[in-house]
2 protein chains.
Amino acid sequence: MSSSNFKHDLFSQFARVGKALSNANRLELLEFLAQGERSVDELATVSGLTVANTSQHLQQLRQVGLVSTRKEGLKVYYRISGEDVIELFQALRQVAERHVAEVERLVNTFLTVKDDLEPVPADELLQRCRDGLVTVLDVRPPEEYAAGHVPGAINIPLAELESHLDELDPQQEVVAYCRGPHCVLAFEAVETLRRKGRKARRLEDGYPEWKASGLPVEGTSNNE
Amino acid sequence: MSSSNFKHDLFSQFARVGKALSNANRLELLEFLAQGERSVDELATVSGLTVANTSQHLQQLRQVGLVSTRKEGLKVYYRISGEDVIELFQALRQVAERHVAEVERLVNTFLTVKDDLEPVPADELLQRCRDGLVTVLDVRPPEEYAAGHVPGAINIPLAELESHLDELDPQQEVVAYCRGPHCVLAFEAVETLRRKGRKARRLEDGYPEWKASGLPVEGTSNNE
DNA sequence: CTACTATTCAATTAATTACTTGAATAGTAG
DNA sequence: CTACTATTCAAGTAATTAATTGAATAGTAG
């Protein structure tokens with residue numbers, strides 16, 4: 001094989017990873033998996049896809065090594081293969097945010113209207129946690145919280161937030177986070193809290209990005 | 001628009017970037033552009049694609065903002081839009097290297113056979129340069145060298161290496177680099193030098209990765 | 001103004017992809 | 001062993017993508 005055939009073959013393999021990331025449904029599945037391992041049935045439910053379609057997409061992700069599986073009885077559990085996959089997804093999202101005008105338009109139209117304050121960077125949140133100066137609020141579903149969360153975070157899903165305000169120290173600022181930097185739930189949580197007169201901001205990233213950057217996490221059991 | 005429609009629309013935009021990276025030819029064009037700006041005609045020549053096909057692929061890269069253009073007379077010059085695009089390409093390549101078995105097989109079959117020593121990390125090379133302990137050899141074509149290179153690097157294209165050995169200090173180890181971590185030319189340069197009794201190793205990355213990580217560069221003029 | 005150069009556009013063809021639907025497979029409870 | 005559950009497979013359909021080919025467009029030299 002010549003040098004240029006080798007190079008083309010190598011880039012074709014790289015392109016397989018790009019191809020795996022070229023469908024919106026697969027990206028969404030990756031974001032769900034970034035919170036912790038899930039079964040096919042669970043993924044179909046949260047994503048709104050049919051089980052067969054979900055399975056097809058997961059096969060493609062598995063074939064390029066972005067996810068891996070384990071079996072337990074009838075169920076097959078999928079998980080992200082490594083932190084490098086989270087970092088790739090993050091890099092792709094950041095490039096899209098910076099260079100795709102439609103991303104900026106969508107974010108401005110649907111997110112910035114809810115919270116136009118600068119989000120809190122992860123290292124700043126870590127320091128303020130250590131100083132005991134903030135309440136960290138995780139608004140993901142309980143099973144995602146159980147799979148891993150920011151140390152000291154309280155888990156109140158968004159739908160229950162208004163009826164659980166008494167769990168939040170009124171003297172402290174709340175920093176809310178969710179599955180990723182564009183998860184609407186974190187924005188809505190901040191909006192709700194501010195409407196109730198609380199000081200609230202968002203964390204810059206979601207839980208997977210926090211974890212991938214090596215910051216401490218609590219609650220992880222089957223995620224090495 | 002509902003929250004789930006918003007999320008799907010947002011991920012569709014992210015998927016557009018993935019789609020741009022899902023073709024081997026576009027990835028190769030990105031690697032060429034990572035060395036410095038090129039015209040459509042030049043890119044068609046080095047990639048072996050027709051001009052029309054090259055132009056089509058460049059349109060797709062431009063539409064998601066991975067590359068940008070400037071005109072000079074008849075010619076349109078394309079360039080990488082930002083260092084974040086280089087970092088995305090690097091993240092994609094690293095995920096493929098780690099998780100796609102065929103990548104490992106190709107690399108082992110065609111590269112490791114030429115150089116199975118550990119490559120030199122960028123920060124180590126920087127330190128050794130400052131200590132004056134190595135000769136840095138850039139084996140890319142002269143126009144890519146002119147567009148930017150590692151400070152102090154000598155430019156000897158591979159085809160001319162054997163007839164220019166006298167340009168290399170026999171007392172110093174040579175560290176060779178090229179367009180990227182899998183560029184065959186760097187491997188062949190090391191192989192050639194070792195056959196001539198010289199101490200030689202490869203830099204871990206290519207020039208674009210060196211530059212994207214903020215290390216000092218020489219020779220950049222039209223690249224901000 | 002004409003002829004040439006460089007690039008992009010548009011239509012066509014072949015290949016690939018996404019989803020659906022029904023069948024097949026593997027594991028388990030009774 | 002049978003019936004059920006969870007998942008994957010395979011075939012079909014519609015949409016999308018990649019490359020080719022020829023036309024169109026924009027800029028320039030003479």
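This is a predicted model: local features need pLDDT of at least 70, side-chain atom pairs count only at pLDDT 80 or more; totals for chains, interfaces and linings use all residues.
Of the atoms of DNA strand D that come within 4 Å of the protein, 77% are sugar and phosphate. Residues are numbered from 1 along each chain as its sequence is written, while chains are lettered from A and ligands numbered from 1 in the order in which they are written. Local features need pLDDT of at least 70, side-chain atom pairs count only at pLDDT 80 or more, totals for chains, interfaces and linings use all residues, and side-chain values use heavy atoms, with hydrogens and water left out.

**DNA strand D**

- The side chain of N53(B) places an N or O atom 3.2 Å from a sugar or linking oxygen of DNA strand D.
- Two or more residues each come from α3 (40-47), α4 and β3 (75-80) of chain A and from α2 and α4 of chain B; helices (H or I, at least four residues) and strands (E, at least two) are DSSP runs, numbered from the N terminus.
- The most is given by α4(B), with 5 residues.
- This surface divides into 8 nonpolar, 11 polar and 4 charged residues, where Ala, Val, Leu, Ile, Met, Phe, Trp, Tyr, Cys and Pro count as nonpolar, Asp, Glu, Lys and Arg as charged, and the others, Gly among them, as polar.

**DNA strand C**

- There are 24 residues around DNA strand C, of which K19(A), N25(A), H57(A), S55(B) and Y78(B) come nearest.
- Sugar or phosphate holds 72% of the atoms of DNA strand C within 4 Å of the protein, and bases hold the rest.
- Phosphate oxygens of DNA strand C lie 2.6 Å from a side-chain N or O atom of N25(A), 2.8 Å from one of Y78(B) and 3.4 Å from a polar side-chain atom of K19(A).
- By class, the surface near DNA strand C has 8 nonpolar, 12 polar and 4 charged residues.

**Interface of chain B and chain A**

- Contact (heavy atoms within 4.5 Å) links 51 residues of chain B with 51 residues of chain A.
- The two chains bury about 4,400 Å² between them, 74% of it on carbon and sulfur atoms; buried area is the accessible area (1.4 Å probe) that two parts lose on being put together, summed over both.
- F6(B), F11(B) and F14(B) supply 15% of the area that chain B buries against chain A, more than any other three residues.
- The interface has 6 salt bridges, each a side-chain nitrogen of Lys or Arg within 4 Å of a carboxyl oxygen of Asp or Glu.
- One of them joins K7(B) to E31(A), with the closest N and O atoms 3.3 Å apart.
- On the side of chain B that touches chain A, α1(B) gives the most, with 15 residues.
- That side of chain B comprises 27 nonpolar, 13 polar and 11 charged residues.

**E162(A)**

- E162(A) sits in the loop between β5 (154-155) and β6 (173-177) of chain A.
- Its relative accessibility is 44%, so E162(A) counts as partly exposed (buried is under 20% relative accessible area, exposed over 50%, partly exposed in between; 1.4 Å probe, protein chains only).
- Beyond its neighbours within four places in sequence, E162(A) is in contact with T192(A), R195(A) and K196(A).

Note on methods: A residue is near a molecule or strand if one of its heavy atoms lies within 4 Å of it. A polar contact is a pair of N or O atoms within 3.5 Å; within protein, one must be able to donate a hydrogen and the other to accept it, and residues adjacent in sequence count only if both atoms are side-chain atoms.
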